[in-house]
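Open the model in your viewer and keep the selection panel at hand. The tour starts with the charges and then goes from stop to stop.

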Amino acid sequence: MVTVKLFGALRLELHLEAGSVRELIPLVCREIRRQRPDCTVSEKDFRACLVAVNGVRASVRTRLLDGDVVYFFPAVAGG
């Protein structure tokens, strides 16, 4: 089981089973829609996020181990 921490508007903590960040993304989307049916977040939104595993920048290919903490930081626009 990994801990998923979402930042930005979603600001949630989830506990899910996945072997990689790529496998985790659809599970996170499904769980968000279960908890917040009005939320329109998609897998595409998560692929635009900065991802870190245990505080180290990661990619969708990153393998996950039991106890890992995965952080999703949304893209931010400035101006």
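Select the charged side chains of the protein chain: 12 are positive and 9 are negative. Lys and Arg count as positive, Asp and Glu as negative, while His and the chain ends are not counted. The centres of the two sets lie 6 Å apart.

A word on the source: this is a predicted model, in which local features need pLDDT of at least 70, side-chain atom pairs count only at pLDDT 80 or more, and totals for chains, interfaces and linings use all residues. Residues are numbered from 1 along each chain as its sequence is written, and side-chain values use heavy atoms, with hydrogens and water left out.

**Whole chain**

Switch to cartoon. The protein chain has two helices and five strands, in the order β-β-α-α-β-β-β along the sequence. Both kinds of element are DSSP runs numbered from the N terminus: helices are H or I with at least four residues, strands are E with at least two.

Draw a box along the principal axes. The C-alpha atoms fill roughly 35 × 30 × 20 Å. The radius of gyration is 12 Å, which agrees with the value near 12 Å for a compact globule of 79 residues. That radius is taken over C-alpha atoms, and the globule rule is 2.2 Å times the number of residues to the power 0.38.

Of the 79 residues, 41% are buried (buried is under 20% relative accessible area, exposed over 50%, partly exposed in between; 1.4 Å probe, protein chains only).

Select Val21, in helix α1 (residues 21–35). Is Val21 buried or exposed? Its relative accessibility is 0%, so Val21 counts as buried. Show its contacts (heavy atoms within 4.5 Å). Leaving aside residues up to four places away in sequence, Val21 touches Val51, Val53, Ser59, Val60, Thr62, Leu64 and Phe72. Across the chain, 45% of contacts between residues at least 6 apart in sequence join residues at least 24 apart.

Select Cys29, which counts as buried because its relative accessibility is 0%. The closest cysteine sulfur is in Cys39, 8.6 Å away, too far for a bond. Cys39 is in no disulfide either. The whole structure has zero disulfides, a disulfide being a pair of cysteine sulfur atoms within 2.5 Å.

Go to Arg11, in the loop between β1 (2–6) and β2 (13–16). Arg11 is not a glycine, but its phi is positive, about 35°. With a relative accessible area of 65%, Arg11 is exposed.

Next, Asn54, in the loop between β3 (50–53) and β4. Its phi is also positive, near 55°. Asn54 is partly exposed, at 45% relative accessible area.

Finish at Asp66, between β4 (56–58) and β5 (69–73). Asp66 counts as exposed at 66% relative accessibility. Asp66 and Gly19 are 8.8 Å apart in space and 47 residues apart in sequence.

Methods. Charge placed at Lys NZ, Arg CZ, Asp CG, Glu CD.
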